Amino acid sequence: MNIESTTVTPEEIAQFRAELVDNLSAIAALDAIEECEGYLEDAVPLLLIEAGTEPDRSIGDLLEKCRQFICQEEVREALESGMIAPAIEPISMGAGIPPGVATAIGICAFKLGMKRVCADCAD
């Protein structure tokens, strides 16, 4: 999967902000994504550092680590419909990553498309 060129447009960031208005860590993640001009690959290490975690994994590695949680039916259906909020906690808790990073990973999965992300996952 070509994750490196995955970007989030200002319009998409505005949509996600409206959905995630009550989630402070998700809003902080959107701020970081915006600061990185929409480039998720650049935002994830920043989010890891802000969470006090060593940014020792690429976004591709993190997406792979989170895939089994992303591809669970409820999470997958939420992301397919463009809803990030229901996906954050299952991804964060399941993969043991900070909620802000889970927000970015959920957005990445949404942008890549669930068929592509979950192609090799067994439900």
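1. Is the disulfide of C71 and C118 left-handed or right-handed, going by the torsion about the S-S bond? The torsion is about -100 degrees, so the disulfide is left-handed. This is a predicted model, in which local features need pLDDT of at least 70 and side-chain atom pairs count only at pLDDT 80 or more, while totals for chains, interfaces and linings use all residues. Residues are numbered from 1 along each chain as its sequence is written, and side-chain values use heavy atoms, with hydrogens and water left out.

2. The count comes to 1 disulfide, the term being used for a pair of cysteine sulfur atoms within 2.5 Å. C71 is joined to C118 with an S to S distance of 2.0 Å. C71 sits in the loop between α4 (59-70) and α5 (73-80), and C118 in the segment after α8 (114-117), so the bond ties together parts that are 47 residues apart in sequence. Helices here are DSSP runs of H or I with at least four residues, numbered from the N terminus.

3. C71 is buried at 3% relative accessibility, and C118 is buried as well, with a relative accessible area of 11%. Buried means under 20% relative accessible area, exposed over 50%, and partly exposed in between, with a 1.4 Å probe and protein chains only.

4. C36 counts as buried at 15% relative accessibility, and C66 is buried with a relative accessible area of 0%.

5. There is 1 aromatic pair. Rings of Phe, Tyr and Trp (its six-membered ring) pair if their centres lie within 6.5 Å; planes under 30 degrees apart count as stacked, over 60 as edge-to-face and the rest as tilted. The pair is F16 with F110, edge-to-face, at 6.0 Å centre to centre and 85 degrees between the planes. F16 belongs to helix α1 (residues 10-19) and F110 to helix α7 (residues 99-112), so the pair ties together parts that are 94 residues apart in sequence. F16 is buried, with a relative accessible area of 3%, whereas F110 is partly exposed at 26%.

6. The axes of α5 and helix α6 (residues 85-95) come within 8 Å and cross at roughly 140 degrees. Axes are lines fitted to C-alpha atoms, for helices over the stretch in contact, and angles run from 0 to 180 degrees between N-to-C directions. The two helices are therefore oblique to each other; angles under 35 degrees count as roughly parallel, over 145 as roughly antiparallel, 65 to 115 as roughly perpendicular and the rest as oblique. The residues in contact (heavy atoms within 4.5 Å) are V75, A78 and L79 of α5 and P86, A87, P90 and I91 of α6.

7. Which residues does S92 contact, leaving aside its neighbours within four places in sequence? They are I97, P98, P99 and A102. S92 itself is in helix α6 and is buried, with a relative accessible area of 9%.

8. T103 lies in helix α7 and is buried, at a relative accessible area of 0%. Neighbours within four places in sequence aside, T103 is in contact with L20, A26, A29, I84 and I88.
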